[in-house]
Amino acid sequence: MRKIQDKFEIGFRHAESMYDEIFEPIKIGKKESKNRVIFPPLSTNFGREDGHLSELFIKHYETRAKGGVGLLIVENSCVSYPEGKHGAYEPRIDSWDFYEDWRTIAKRLKKYDSLISVELTHQGWGKKGVNFLSEKKK
Ligand SMILES: Cc1cc2nc3c(=O)[nH]c(=O)nc-3n(C[C@H](O)[C@H](O)[C@H](O)COP(=O)(O)O)c2cc1C
């Protein structure tokens, strides 16, 4: 009977060949990502209530970068305040007041050679109570 280690070894080799390219660099426009591992935007609620980035928020992304992610997409960031904000702890990127926060996170992720991008969000007409889906046709 084959040893359990051998079974794992064969499974691992198979997975390796299936996903070879995941660890190959890829060009995205003028940038190059060191691999094809992308961390999608996931709201954490780790931001501060005033829209600034907390140390926990930065650390969360830094840990992913340290783990080897090629491209990180930072969650759900408010582009127009107050009407565009829809989460109590959503980071803000709508004014120069937040420049230092974003500079800090970019610098900390760059240490690990990860690319960083930001998901820009606006909550649309929701806050004004407009629900296009429920409007009756005229
Ligand atoms: C807890 C949680 C938070 C999320 N936050 C965001 C977010 O801020 N922005 C976004 O575009 N998607 C968000 N998503 C969706 C994830 O990005 C999505 O689930 C992920 O890309 C994986 O894709 P899949 O669910 O289609 O497999 C969130 C998902 C979860 C589970």
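How many nonpolar, polar and charged residues does the shell around the ligand have, by class? The shell has three nonpolar, two polar and two charged residues. Here Ala, Val, Leu, Ile, Met, Phe, Trp, Tyr, Cys and Pro count as nonpolar, Asp, Glu, Lys and Arg as charged, and the others, Gly among them, as polar. The structure is a predicted model, in which local features need pLDDT of at least 70 and side-chain atom pairs count only at pLDDT 80 or more, while totals for chains, interfaces and linings use all residues. Residues are numbered from 1 along each chain as its sequence is written.

The residues around the ligand are Pro 40, Pro 41, Leu 42, Ser 43, Glu 75, Asn 76 and Glu 119; a residue is taken as near a molecule if its C-beta atom, placed from the backbone, lies within 6 Å of it. Of these, Asn 76 is found in strand E4. Helices (H or I, at least four residues) and strands (E, at least two) are DSSP runs, numbered from the N terminus. Although Asn 76 is not a glycine, its phi is positive, at about 25°. Is Asn 76 buried or exposed? Asn 76 counts as buried because it has 21 C-beta neighbours inside 10 Å. The cut-offs are 20 or more other C-beta atoms within 10 Å for buried and 12 or fewer for exposed, with partly exposed in between and C-beta atoms placed from the backbone.

Asn 45 also has a positive phi, of about 65°, without being a glycine. This residue is found in the loop between strand E3 (38–39) and helix H2 (55–66), and with 11 C-beta neighbours inside 10 Å, Asn 45 counts as exposed. Another backbone feature is the cis peptide bond from Tyr 81 to Pro 82, with omega near 5°. Pro 82 lies in the loop between strand E4 (71–78) and helix H3 (99–110).

Now to the sheet. Three strands form an open sheet in the order E3-E4-E5, with parallel pairing. The edge strands are E3 and strand E5 (115–121), each of which pairs on one side only. Two strands pair if DSSP finds at least two bridges between them. Two bridges join E3 to E4, where Phe 39 stands opposite Leu 72 and Ile 38 stands opposite Leu 71. From E3 the chain crosses through H2 to E4 in a right-handed β-α-β crossover; right-handed describes a path from the first strand over the helix to the second that runs clockwise, with the strands pointing away from the viewer. E4 is joined to E5 by six bridges, and Cys 78 stands opposite Thr 121 in E5. The β-α-β crossover from E4 through H3 to E5 is right-handed.

What lies inside? The largest nonpolar core has 10 residues in all: Leu 53, Phe 57, Tyr 61, Ala 65, Val 69, Leu 71, Leu 72, Val 74, Ile 105 and Leu 109. H2, E4 and H3 each supply at least two residues of this core. Such a core is a set of buried Ala, Val, Leu, Ile, Met, Phe, Trp, Tyr and Cys residues joined through C-beta atoms within 7 Å. Seven of the eight residues of E4 are buried, so this strand is largely enclosed by the rest of the structure.
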